[in-house]
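I opened my notebook to write down what I looked up in this structure, one entry at a time. I began with the whole chain and then went on to single places.

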Amino acid sequence: HKMGEIPVSQARSLYTTMIVDVYKELLTVQSFLRSFFKTKENASKYISIEVQRGLDLIAVDVVRGSKGNRNDFGLSTLKTILPPYYREFFDGTDLDLFDRLFGTSGEIDSAIFAQFLTDVAEKYMILQNKIERAYEKQCADVFNTGVLTLADGSTIDFKRKTESMATVATLWTAANSDPYEDLKTGAAFLKEKGKAVGSTMNAICGGKALAAFLDNTKVQKRADIKNFGLDIVAQPQRNSVGASYHGRVAAGSFNIDLWSYPEVFTDANGSTKQYIEEEKIIMLPEAPRSTMAYAAVPRLISGVATQTRGAYVLSDYTDEASSAHIFDIKSAGVAVPVAVDQIYTMKVVA
């Protein structure tokens, strides 16, 4: 065969592995909330959701809902769960380049082949980003209330302490409020109850909360927001996307890094929602003990069903009946706040 051409038989065996390579090169950086969770990949289809309070394990409540009318059959304190399972797919034969690849019996132009690989990998990224938004919403649920609501209506309650979800005594829009004192209270909770390491904490601010902080009389009087350089921030957050860094302030003996995260998602009813509620501030240590735990997902290899480990598992197969070549991406993850008291949520404006 001529230079720059690949035999069809060879191309068929090559492109599955090559698509994975191209896809890995395209991998996007993590979303901001997700960057506070370390990745943990399990070899089984179950995930341990044990969480700790201080040095003790605590029970987690799992409510299993149904897809029809919601029915709660009492609370069970399972230590392992079957996590939500996401599968997104597309038909490769719908891609413009597919016919030019396999419509002939002879050789394939290597430039078209390369373009096809990139095309498929980019489609995979679009599907992955769709699943990533579901994971970002899980992280937001953990930060807001400690209760995950999954797509089928079932919930997982990680039992956050009531005192970790506070409304400040004096709202920050009031003349006599002291945001520094409130930030110090939050940081002290993370340190004392959450056993957080270090004296630098993150404060992720909703839009109204940040505006109230910047407009506050005491804040303007002190005018001490400094260090706008991201180089002082922990690496996972520094390399994540979607958040804006607003600098560092001192609150008592703590340093507080201020963030805003104006990203939105579309909920099941088609409404646009913010991941972080406008009136709230989420406080976290620099390196909270949280994991994004992924279970193994089912995959057919040479006709045999196996459990494949990985955060995202790519596969493709031919559906002869409908003349389709299906490319799919599967993931089964759940956001677990391992040290459940290393999250402090406070409402600071009405």
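The entries below follow the order in which I looked things up.

**Entry 1: the whole protein.** I noted before anything else that this is a predicted model, and I kept that in mind for every value that follows. I counted seven helices and 25 strands in the protein. I then looked up how far apart in sequence the contacting residues are: among contacts between residues at least 6 apart, 73% join residues at least 24 apart.

**Entry 2: helix α4.** I turned to α4, which has 14 residues, and found that it reaches 20 Å from its first C-alpha to its last, close to the 20 Å expected at 1.5 Å a residue. I also asked which residues of α4 are buried. The list is Pro179, Tyr180, Asp182, Leu183, Gly186, Ala187, Ala188, Phe189 and Leu190.

**Entry 3: two positive phi angles.** Lys195 has a phi near 55 degrees, although the residue is not glycine, and I found Lys195 in the loop between α4 (179–192) and β13 (200–205). Is Lys195 buried or exposed? Lys195 counts as exposed because its relative accessibility is 51%, and the cut-off for exposed is over 50%.

The second residue is Ala223, where phi is near 40 degrees, again a positive value in a residue other than glycine. Ala223 lies in the loop between α6 (217–222) and α7 (235–238), and with a relative accessible area of 61% Ala223 is exposed.

**Entry 4: a buried charge.** Asp91 is buried yet has no salt bridge, and the nearest side chain of opposite charge, that of Arg87, is 11 Å away; for a salt bridge, the side-chain nitrogen would have to be within 4 Å of a carboxyl oxygen. What, then, lies 3.0 Å from a polar atom of the side chain of Asp91? I found the backbone nitrogen of His325 at that distance. When I left aside the neighbours within four places in sequence, I saw that Asp91 is in contact with Ala324, His325 and Ile326.

Conventions:
Residues are numbered from 1 along each chain as its sequence is written. This is a predicted model: local features need pLDDT of at least 70, side-chain atom pairs count only at pLDDT 80 or more; totals for chains, interfaces and linings use all residues. Side-chain values use heavy atoms; hydrogens and water are left out. Helices (H or I, at least four residues) and strands (E, at least two) are DSSP runs, numbered from the N terminus. Buried means under 20% relative accessible area, exposed over 50%, partly exposed in between (1.4 Å probe, protein chains only). Lys and Arg count as positive and Asp and Glu as negative; His and the chain ends are not counted. A polar contact is a pair of N or O atoms within 3.5 Å; within protein, one must be able to donate a hydrogen and the other to accept it, and residues adjacent in sequence count only if both atoms are side-chain atoms. Contact means heavy atoms within 4.5 Å. The expected span of a helix is 1.5 Å times one less than its number of residues.
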